[in-house]
Amino acid sequence: HVTPYLHQNRNGRTHFLNLTRPLNASYLRLTVDTPEDFILIERLLTDHRAGTLDGEALIALLAAHPELVALNSHIEQKKL
């Protein structure tokens with residue numbers, strides 16, 4: 001998995017940046033680790049043209065469509 005590898009193999013060439021925003025969106029799961037994740041991403045891309053959206057627009061889209069968020073909300077994110 002990419003994230004643990006990056007954390008465990010820091011070579012000085014990788015820098016981490018933490019971005020903050022006024023409202024918490026950490027409940028959103030935008031990854032492709034499970035079939036449910038794939039279904040969500042596929043729907044976002046085909047039905048909502050998510051490939052053309054920036055991060056804030058994508059968060060707004062998901063806030064407006066809780067049925068999309070529900071597709072993979074039961075999946076627990078792996079911890080580092």
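The following questions and answers concern a predicted model of a protein chain.

Me: What box do the C-alpha atoms of the protein chain fill?
Reply: The box is taken along the principal axes of the protein chain. Its dimensions are roughly 40 × 30 × 20 Å.

Me: What percentage of the residues of the protein chain count as buried?
Reply: A residue is buried when its relative accessible area is under 20%. The protein chain has 80 residues, and the part of them that counts as buried is 19%.

Me: What share of the contacts with a separation of 6 or more joins residues 24 or more positions apart?
Reply: The contacts considered here are those in the protein chain with a separation of 6 or more. Among these, residues 24 or more positions apart account for 54%.

Me: Which element gives the most to the largest nonpolar core?
Reply: The largest nonpolar core has 11 residues in all, including A25, L28, L40, L44, A50 and V69. Two or more residues of this core come from each of α2, α3 (55-64) and α4 (66-69). With 4 residues, the element that gives the most is α3.

Me: Is R29 buried or exposed?
Reply: R29 lies in the loop between α1 (2-8) and α2 (35-48). Its relative accessible area is 9%. Because this value is under 20%, R29 is classed as buried.

Me: Which residue has a side chain joined to that of R29 by a polar contact of 2.7 Å?
Reply: Leaving out residues up to four places away in sequence, R29 touches T34, D37, L40, N72, I75, E76 and Q77. The polar contact of 2.7 Å runs between side chains, and the partner of R29 in it is D37.

Me: Is T34 buried or exposed?
Reply: T34 lies in the loop between α1 and α2. Apart from its neighbours within four places in sequence, T34 is in contact with R29 and I75. Its relative accessibility is 19%, and since the limit is under 20%, T34 counts as buried.

Me: What is the volume of the largest pocket?
Reply: Among the residues that line the largest pocket are H7, F16, L19, R29, T31 and Q77. By class, this lining has 5 nonpolar, 5 polar and 1 charged residues. The volume of the largest pocket is about 480 Å³.

Me: How much space lies in the largest cavity?
Reply: The count comes to 1 cavity of 30 Å³ or more. The lining of the largest cavity includes Y27, R29, L40, L62 and N72, and by class it has 6 nonpolar, 2 polar and 1 charged residues. The space in the largest cavity is about 40 Å³.

Me: What separates the C-alpha atoms of L45 and L19?
Reply: L45 has its place in helix α2 and is partly exposed, with a relative accessible area of 48%. Not counting residues up to four places away in sequence, L45 touches A50 and G51. L45 and L19 are 26 residues apart along the chain, and their C-alpha atoms are separated by 24 Å.

Me: How far apart in space are E67 and L40, C-alpha to C-alpha?
Reply: E67 lies in helix α4, and its side chain is joined to that of H65 by a polar contact of 2.9 Å. In sequence, E67 and L40 are 27 residues apart. In space, C-alpha to C-alpha, they are apart by 9.9 Å.

Me: Is E67 buried, partly exposed or exposed?
Reply: The relative accessible area of E67 is 44%. Buried means under 20% and exposed means over 50%. Because 44% falls in between, E67 is partly exposed.

Notes:
Residues numbered from 1 in each chain as written. Predicted model: local features only at pLDDT ≥ 70, side-chain atom pairs only at ≥ 80, totals over all residues. Heavy atoms only, no water. 1 Å grid on protein atoms, 1.4 Å probe; cavity = no way out; pocket = protein on both sides within 12 Å on 5 of 7 lines; lining within 4 Å. Points joined across faces, edges and corners; volume = space filled by probe spheres on them. Nonpolar A, V, L, I, M, F, W, Y, C, P; charged D, E, K, R; others polar. Buried < 20%, exposed > 50% of the residue type's maximum accessible area, 1.4 Å probe, protein only. Polar contact = N/O pair within 3.5 Å; in protein donor to acceptor, adjacent residues only side chain to side chain. Contact = heavy atoms within 4.5 Å. Core = buried A, V, L, I, M, F, W, Y, C linked by side-chain atoms within 4.5 Å.
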